[in-house]
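Dear colleague,

Please find below the structure for your records. A short account of the findings follows it.

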Amino acid sequence: MRVRAQLVARCVLGLVFVYAAWTKLAQPWERFALSVDSYRLLPEWGVIVVARALPWLELLLGLLLVAGWLLHYVAPLVTALLAGFWVAMLWAYLRGLGIDCGCFGIGQAVGPATLLRDALLVVLAGFVTLGAFRARRASSASAA
Amino acid sequence: MRTAFRLCVLLVLPALAALPAVAQQGKRFGALDAPITVEVFSDMQCPACATYHLETLRPLMKDYVATGKVFLIFRLTVNHRHSYRAARYMNAAALAGLFEKASEVLFEKQKLWSETGDVEAALAAGLTEVEMARIREQLDAQEIEQAIEADRALARTFQVRSTPTTFIRHRGETTPVVGVVSYAILRRYLDRLLEGSP
């Protein structure tokens, strides 16, 4: 039962990442850069690096999650990434910036709904990470 | 030769001086046939709008609007305590052909008049007596209230939920940008759009 739940969780998370990547890669990176810049957290070069690299990283992580490869590396990275997004969104929300979150393209305001959605994704990623480490421990114990 | 030079000085230079840096009509700037239209919803009392106006829109005006690449439209929303009063003065300034200068003055002195509500004193500190007289002349014009209401209605239509909100239009596609973005990043996006323009 737990194994099946793990499988569903990582596939859902993986597809969410692939979808998020697709919405960004379907438009010029300069358009996503506008969303990143509106957080007012990064210097110009940082905005450019994030806008160009993040969609590809999301795509790679999403595919790895769905495939279940290198899960004990991928899952903690995904958890950390989502937690980072959540902190940035909370910061923007508390400062009253009223900006778009930039999560899935344009048009989603940072607010309680997006914060709750991202928090749920962090929990889901944490669950997948826990499962990945349990599975790894179990396989090393059986190998020993 | 000397006569030709004098003629040039007498006729051409005053004509050049009379030309505005950017074609202005009310709260619209630039060439109507520019490939990109940028429509900005601001509130004169919103601090983020001041940052956006002074750090992003000012250079945009110089590099993109004055060069015919962008047609810039300002819309004023009234969400703060003294915003309505400021919007009245700004729309009067627009009728007097002084919107650009007046907006710079009010945004630069925003902290001052946001506390006191004395928009006129803040404007007077940055404009000449003649310019102030031109704005005062327009203050009671019927168009002021109509312009404020029109901007409000447009903000509702476009679902502007916070300021500044910018709509970048190019070839029938609209990109909404909510919040402040730096000029360096905005210009990269505009340049990308212009790459495909004739």
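**Cysteines and sheet**

Cys11(A) is partly exposed, with a relative accessible area of 24%; buried means under 20%, exposed over 50% and partly exposed in between (1.4 Å probe, protein chains only). This is a predicted model, in which local features need pLDDT of at least 70 and side-chain atom pairs count only at pLDDT 80 or more, while totals for chains, interfaces and linings use all residues. Residues are numbered from 1 along each chain as its sequence is written, chains are lettered from A and ligands numbered from 1 in the order in which they are written, and side-chain values use heavy atoms, leaving out hydrogens and water.

Over all chains there are two disulfides (a disulfide is a pair of cysteine sulfur atoms within 2.5 Å). In chain A, Cys101(A) is joined to Cys103(A), S to S 2.2 Å. Cys101(A) is buried at 6% relative accessible area, and Cys103(A) is buried at 15%. The sulfur atoms of Cys46(B) and Cys49(B) are 2.4 Å apart, and this link is right-handed, with 90 degrees about the S-S bond. Cys46(B) is buried at 4%, as is Cys49(B) at 0%.

Chain B holds an open, mixed sheet of six strands in the order β1-β2-β4-β3-β5-β6. Its edge strands, β1 (24-25) and β6 (173-178), each pair on one side only. Strands (E, at least two residues) are DSSP runs, numbered from the N terminus, and two of them pair if DSSP finds at least two bridges between them. β1(B) and β2(B) (residues 28-29) are antiparallel over two bridges, with Gln25(B) opposite Arg28(B).

Yours sincerely

Definitions and conventions:
Helix = DSSP H or I, 4+ residues; strand = E, 2+ residues; numbered from the N terminus.
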